[in-house]
Amino acid sequence: MGDRGTDNHSEVTDFILVGFRVCSELHILLFLLFLLVYTMILLGNVGMMTIIMTDPRLNTPMYFFLGNLSFIDLFYSSVIAPKAMINFWSESKSISFAGCVTQLFLFALFIVAEAFLLAAMAYDRFIAICNPLLYSVQMTAHLCMQLVAGSYLCGSVSSILLTSVTFTLSFCASRAIDHFYCDYRPLQRISCSDLYFLKVVSFFLCSIIILPTIIVIIVSYMYIVSTVLKIRSTEGRKKAFSTCSSHLGVVSVLYGAVIFMYVIPDRFPELSKVASLCYTLVTPMLNPLIYSLRNKDVKEALKKLLKKNPIL
């Protein structure tokens with residue numbers, strides 16, 4: 001039986017991404033929707049990175065983190081959206097074995113890096129609001145670099161572990177992945193291997209990624225809310241809440257979708273696809289809009305950039 005599984009595994013050269021189970025007429029609508037959202041992701045995140053890099057006033061820890069957030073959002077949505085749009089027009093809807101490995105690896109790397117980066121951003125806001133006099137001393141450029149580098153390192157290690165374990169499985173049940181991109185849960189549905197080790201690894205990764213980062217975010221914002229409520233000035237309270245509410249909104253959407261996708265038992269494939277849209281397309285689209293439209297510094301930097309470059 002083991003030899004048969006190995007033979008079948010070695011024979012797999014490509015997979016079929018089933019995508020959304022809708023009538024063919026709706027594929028055009030979905031393609032246009034994906035195209036619109038992905039275009040907004042490109043414009044918004046490239047624009048945000050450009051603004052942060054070109055305006056000296058935004059050379060602060062908060063905007064350093066925001067620039068990296070835009071970079072992550074841009075790249076992990078780019079890992080998924082273009083292939084999904086191609087498959088709306090493709091008859092075969094195939095993806096090569098190497099392409100599937102690459103897609104899972106890059107997506108896992110960037111989504112885990114984003115989780116740790118959001119925790120770093122929550123810590124940054126905690127120091128800025130709760131200990132403003134010590135902010136410049138504690139949030140040094142060196143510490144910011146370490147936090148961002150640590151986020152990418154955690155993403156890389158987690159991604160290598162998850163990808164290597166996933167693709168040691170034998171895929172002799174089917175080549176059809178019931179999803180619009182390569183993810184480990186849809187892949188395990190078509191495997192004929194023992195899934196015990198993969199489930200242990202995925203549970204371990206979820207535990208060390210979701211739990212610590214969400215604890216840091218929750219504790220940071222508990223202290224932030226407590227501090228903000230002590231501010232006597234209404235304008236001061238409004239400014240502080242405005243700074244943090246956008247971050248909390250992004251975190252809620254991202255973690256809600258991720259918990260539904262990876263923590264809750266895998267019983268609703270179609271709902272999982274909808275949940276996946278929240279963190280693969282919706283969040284990367286909303287992040288630059290939220291942080292630019294609700295941020296006075298970013299809006300002023302954008303106006304300054306547009307005056308310098310009227311063609312933009």
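1. Lys 296, Lys 303 and Lys 307 are exposed on one side of helix α11, where exposed stands for over 50% relative accessible area, buried for under 20% and partly exposed for the range in between (1.4 Å probe, protein chains only). Helices here are DSSP runs of H or I with at least four residues, numbered from the N terminus. Do keep in mind that this is a predicted model: local features need pLDDT of at least 70, side-chain atom pairs count only at pLDDT 80 or more, and totals for chains, interfaces and linings use all residues. Residues are numbered from 1 along each chain as its sequence is written, and side-chain values use heavy atoms, without hydrogens and water.

2. On the other side of α11 from those lysines are its buried residues, Val 298, Ala 301 and Leu 305. They share one side of α11 because their arc around the axis is only 65 degrees, taken from the directions from the helix axis to the C-beta atoms.

3. Now to Asn 287, a residue of helix α10 (residues 269-293). Asn 287 counts as buried because its relative accessibility is 2%. Its side chain makes a polar contact of 2.5 Å with that of Asp 73; such a contact is a pair of N or O atoms within 3.5 Å, and within protein one must be able to donate a hydrogen and the other to accept it, while residues adjacent in sequence count only if both atoms are side-chain atoms. Beyond neighbours within four places in sequence, Asn 287 also contacts Leu 69, Glu 114 and Val 250, with contact meaning heavy atoms within 4.5 Å.

Terms used
Helix = DSSP H or I, 4+ residues; strand = E, 2+ residues; numbered from the N terminus.
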